[in-house]
Number of protein chains: 2
Amino acid sequence: MNEGQRARRPGGRSARVTAEVHQAVTDLISERGYGNFTVGEVAARAGVADSSIYRRWGNLETLLSDVALTRLNARSPMPDTGSLDGDLRTYAANVAREITGPDGLAVVRLAVALSGNGQQGLQAGDDLRAERMRQLQSMLDRARERGENAPDALGVLDHILAPMYIRVLFGIVPLTPDYIDGLVDRLL
Amino acid sequence: MNEGQRARRPGGRSARVTAEVHQAVTDLISERGYGNFTVGEVAARAGVADSSIYRRWGNLETLLSDVALTRLNARSPMPDTGSLDGDLRTYAANVAREITGPDGLAVVRLAVALSGNGQQGLQAGDDLRAERMRQLQSMLDRARERGENAPDALGVLDHILAPMYIRVLFGIVPLTPDYIDGLVDRLL
């Protein structure tokens, strides 16, 4: 959707504010890192009032989590290829591309940073992870319904996502296609 | 070694300064979290000159890494039980106890925080991880010398350490003995 379409449809202003605030957060993260800016600075960058941000998101942690989830859903949607093997390989490759791409480390670091950011951060981090785990579980449930022998979502977290996250966080990159396929092979 | 022994032996003052600086760092981390204090504040808390810290450690990141490594080596030493199975189970249980214990999350978060802390942080983090991976590799090499079929250190990172780190970072705890043994079983 381009800016013109967004401005014309009902709710256009709301969607535009959301897009501008998300962009301001993304820019501030890449310039300063997580935890190094305030709601006021996001508002100034986006050209909106502080109160608009508090009204919609409640606090900075929820806003950060919303930005991360929106980005993850846009760039690493859950695949539906018709087989568990295909779904997991596509999903793992998408996640690897996302977390090793530009600003990708920032998304992984957000999930980690939120968990150390007081009660609001913990809650926002839990909500973000719960939503992604729910999507992952739906993918695995579809496989079970087809009669495939699917692992549970925590198995995918432990043996596909966790190794990739830790390797990126520790700078042990790149994540090669062979490496990613090896993780899926081992789990299946 | 108690404080009296440390003070009497040659190099006692140096060891005492190290202990006091390490304690100051540990206290500041638990009070404020990583990234929220300076070398000057560590020096004031430890009762030493800023220059003593810069002379010995060079920068805050190297000091943080030294504190983490000293702590890991003291609390999660590499086991030598005579079998790979025994070594890996003991090692995994020690790491789990450490990262789920008091301040344990702080050690995991340090490793992550260092990687986002500029070039000095990256270097300090790399050194910390390289030293622990070297120790782990020695344990695996001993198994190979006994004729056992050992995984490599990255395999242990991917399938034993990474899942435990990510579960702790994401608040998916406790790490039960059954869960930990399951990780080792799957790798072996």
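Student: Where do I start with chain A? How many helices and strands are there?

Tutor: Start with the count. Chain A has 10 helices and 0 strands. Along the sequence the pattern reads α-α-α-α-α-α-α-α-α-α. Remember that this is a predicted model.

Student: What share of the residues in chain A is buried?

Tutor: Of its 188 residues, 47% are buried. Buried here means under 20% relative accessible area. Look at contacts too. Take those in chain A between residues at least 6 apart in sequence: 59% of them join residues at least 24 apart.

Student: What does UniProt list for residues 38–57 of chain A?

Tutor: An unreviewed UniProt entry gives that stretch as "DNA-binding region". In the model, residues 38–57 of chain A are 80% helix and 0% strand.

Student: How do I read one face of a helix?

Tutor: Begin with the general idea. An α-helix has 3.6 residues a turn, so residues three or four places apart point the same way. Now take helix H4 of chain A, residues 50–57. Its buried residues are A:Ser52, A:Ile53 and A:Trp57. Around the axis they cover an arc of only 95°, which puts them on the same side of H4(A).

Student: Which helices do the buried residues of H4(A) pack against?

Tutor: In chain A, they pack against helix H2 (12–32), helix H3 (39–46) and helix H5 (60–75). Then check what follows the helix.

Student: Let me try chain B. Which residues of helix H3 are buried there?

Tutor: H3(B) spans residues 39–46, and its buried residues are B:Val39, B:Val42, B:Ala43 and B:Ala46. Viewed down the axis of H3(B), they fall within an arc of 100°, so they line one face of the helix. Their cover includes helix H2 (12–32), helix H4 (50–57) and helix H5 (60–75) of chain B. Just after H3(B), B:Gly47 takes a positive phi of about 75°.

Student: At what angle do H3(B) and H4(B) pack?

Tutor: The angle is about 115°, and the axes are 8 Å apart. An angle from 65 to 115 degrees counts as roughly perpendicular. H3(B) and H4(B) are therefore roughly perpendicular to each other. Their crossing is right-handed.

Student: Which residues meet between H3(B) and H4(B)?

Tutor: From H3(B) come B:Val39, B:Gly40, B:Val42 and B:Ala43. They meet B:Asp50, B:Ile53 and B:Tyr54 in H4(B).

Student: Now back to chain A. How do H9(A) and helix H10 pack?

Tutor: Read the angle again. H9(A) and H10(A), residues 177–187, pack at about 155°, with axes 9 Å apart. Over 145 degrees counts as roughly antiparallel. These two helices are therefore roughly antiparallel to each other. The crossing of H9(A) and H10(A) is right-handed. Residues in contact include A:Gly155, A:His159, A:Pro163 and A:Arg167 of H9(A), and A:Tyr179, A:Leu183 and A:Leu187 of H10(A).

Student: Is A:Arg167 buried or exposed?

Tutor: A:Arg167 lies in helix H9, residues 153–169 of chain A. Its relative accessibility is 9%, so A:Arg167 counts as buried.

Student: What does A:Arg167 touch, leaving out residues up to four places away in sequence?

Tutor: Look in both chains. In chain A, A:Arg167 touches A:Ile172, A:Val173, A:Leu175 and A:Tyr179. From chain B, A:Arg167 touches B:Leu154 and B:Asp158.

Note on methods. Residues are numbered from 1 along each chain as its sequence is written. Chains are lettered from A and ligands numbered from 1 in the order in which they are written. This is a predicted model: local features need pLDDT of at least 70, side-chain atom pairs count only at pLDDT 80 or more; totals for chains, interfaces and linings use all residues. Side-chain values use heavy atoms; hydrogens and water are left out. Helices (H or I, at least four residues) and strands (E, at least two) are DSSP runs, numbered from the N terminus. Buried means under 20% relative accessible area, exposed over 50%, partly exposed in between (1.4 Å probe, protein chains only). Contact means heavy atoms within 4.5 Å. The arc is that of the directions from the helix axis to the C-beta atoms. UniProt positions are given in the numbering used here, feature names are shortened, and annotations may be inferred rather than shown by experiment. Axes are lines fitted to C-alpha atoms, for helices over the stretch in contact, and angles run from 0 to 180 degrees between N-to-C directions. Angles under 35 degrees count as roughly parallel, over 145 as roughly antiparallel, 65 to 115 as roughly perpendicular and the rest as oblique. A crossing is left-handed if the near helix is turned anticlockwise from the far one by less than a right angle, and right-handed if clockwise.
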